There are 2 protein chains.
Amino acid sequence: MRLATRNNGRRDGQLVVVSADGERCVAVDGVPTMQAALDDWDNVKPLLQAISERLASGPAVGHRLDPASLLAPLPRAYQWVDASGYLSHMERVRRARGAEMPPSARTEPVIYQGLSDRNLAWCDDIPADPSWGADIEGELAVITGEVGPRPTPEEALSQIRLVVLVNDLSLRSLIPVELAKGFGFFHSKPASAFGPFAVTPDELGSGWRDGRAFGRLRIEVNDEVRGDLMTGVDQDFSFTDIICYAARTRRLSSGSIVGAGTVSNRDESRGVACIVEQRTLQTLAGLDERELAPYLQPGDTVTLAFQTEDGRDVLGRIHQKAVLP
Amino acid sequence: MRLATRNNGRRDGQLVVVSADGERCVAVDGVPTMQAALDDWDNVKPLLQAISERLASGPAVGHRLDPASLLAPLPRAYQWVDASGYLSHMERVRRARGAEMPPSARTEPVIYQGLSDRNLAWCDDIPADPSWGADIEGELAVITGEVGPRPTPEEALSQIRLVVLVNDLSLRSLIPVELAKGFGFFHSKPASAFGPFAVTPDELGSGWRDGRAFGRLRIEVNDEVRGDLMTGVDQDFSFTDIICYAARTRRLSSGSIVGAGTVSNRDESRGVACIVEQRTLQTLAGLDERELAPYLQPGDTVTLAFQTEDGRDVLGRIHQKAVLP
């Protein structure tokens, strides 16, 4: 099942069910927003499924879907939690800024509380002051139902409602000063952008297994391919692991977005999902500081696109332009 | 104007306008929740004011307000940002755990992105495993309208909609391990509790000045007074300062809760708004580790109460019991 949020002039937009080809959609009577669906999932899911089946019954069903009208699936969310699912990313980034890996990095994920009061749409501009070192991070995330404290892995898995594509933006030049203060990211992690479609895990077919979303993530900067990565592969912590870890001392409310961190494969030939990793690999290859791939400058464009294992585009692509803030 | 959120079985509860004596309330036609009011403040404020005046016109207006029915003013919020408004708190806490003050601590606030997907009511239990070192933090916070990026101090001040009382809970024993990982608080900052009433700044009378809320904050643990603090006094960063700093690289959406950090006076005779400061002062006074005030254990109770400069209780008190999680 494929869901999206259409811009209707309201802050939370309008929930729509989308056809398999992404061309048509239908709104849901009595369920105005994505958050409302997540808050009452058990009752709402059958309605959504019935609409989804109706959309599949023939090309005349539903309204034409204008991609430009789509907001982030949750235009604002009550929680965004991001974790170090792919240790290869964390190792490279920390190497780049001369920081150590935490001693427990292999046994439990590192996690942070991110901004979620405003989530960018797939096509929204990226505010990128030239001095900020703005960088992309290609990620997959899940949106949860209510997760009780200290869930079992089965309970955590059963509360994964939807899968989304994320461009978790980072302002690299602001990170060292901020982390040195000891309270984590704030300015250095601005609003993230989300792919237009949120899908139930079954849409990934056989690629949804072991609490991971297997597929391919393609990353382009100014139409130059920077990465063609295998998601799920080299993923040290599954979504289940991350949810269980996050919920050790708390509940996670319905509509919590939980990210598995920047996708990163140990096979360097697959490229990267963020510029900082590219710069690290370039440095290790002997390049000079001035030869490294630059961070985003106003005018640059980025494209993130996910494909399922059998080659389908179900999450929609993210295509953004960097602009002066 | 005094607002509250009544439990009506829905996640966001029901917005009510409350009489000056806190005894009566009236719901608002067409404005179901506190977030809905904040999202459309300019249009909604006159409606709220009219109801407030009606409530003031006579004791027969409105329904009896049952304090036990009140939730946090925002039972879930899109953003909770907390900052080091009172440096005296940060100095004592960092001294307690042997950490340095950041070099910029005096020129800009330290800030973190906290959990807001579930805000505790004034009377909700505090999950406190005996090994967590659960601690209270008595704070004042403001709830904002839409704050654009890089606001002027005047713009920031004009977007302060409401003032609330907060018990920003901390799990002290989890903080050192978590901060050592470099990504800030996560488990160590669980859900905060909020006083029952959210008031427009004018309710503080002359105590609302310089972007600060002046008054007195009384803190009790097991009916023993731990602090009788002067809020606004020794507040190194005002709410205006904190909002301007937070919005340097981003917008803050309507309904963002912005805290000024644990209230702390340099005059030690006023006591403390958290147990860790008490322990620091006890240690400096030569007490032995075993003699220090213990962190919250199941069965302990805490009370936080604010008074305006002219002795009125407008925010309502927080009264919670620590329980096994």
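## The interface of chains A and B

In this predicted model, chain A and chain B bury about 4,600 Å² between them, 53% of it on carbon and sulfur atoms, where buried area is the accessible area (1.4 Å probe) that two parts lose on being put together, summed over both. On the side of chain A, the residues that lose the most area to chain B are A:Tyr78, A:Phe183 and A:Phe186, together 21% of what that side buries. Counted by contact (heavy atoms within 4.5 Å), 50 residues of chain A meet 50 residues of chain B.

## Salt bridges across the interface

The rule finds 10 salt bridges across the interface of chain A and chain B, each a side-chain nitrogen of Lys or Arg within 4 Å of a carboxyl oxygen of Asp or Glu. B:Glu108 forms a salt bridge with A:Lys181, with the closest N and O atoms 2.8 Å apart.

## A buried loop residue

A:Gln235 lies in the loop of chain A between strand E17 (224-231) and helix H6 (239-246); helices (H or I, at least four residues) and strands (E, at least two) are DSSP runs, numbered from the N terminus. A:Gln235 is buried, with a relative accessible area of 5%, and buried means under 20% relative accessible area (1.4 Å probe, protein chains only). Leaving aside residues up to four places away in sequence, A:Gln235 touches A:Gly85, A:Tyr86, A:Arg212 and A:Ala260.

## Basis of the values

Residues are numbered from 1 along each chain as its sequence is written, and chains are lettered from A and ligands numbered from 1 in the order in which they are written. Local features need pLDDT of at least 70 and side-chain atom pairs count only at pLDDT 80 or more, while totals for chains, interfaces and linings use all residues, and side-chain values use heavy atoms, with hydrogens and water left out.

Terms used. Buried means under 20% relative accessible area, exposed over 50%, partly exposed in between (1.4 Å probe, protein chains only).
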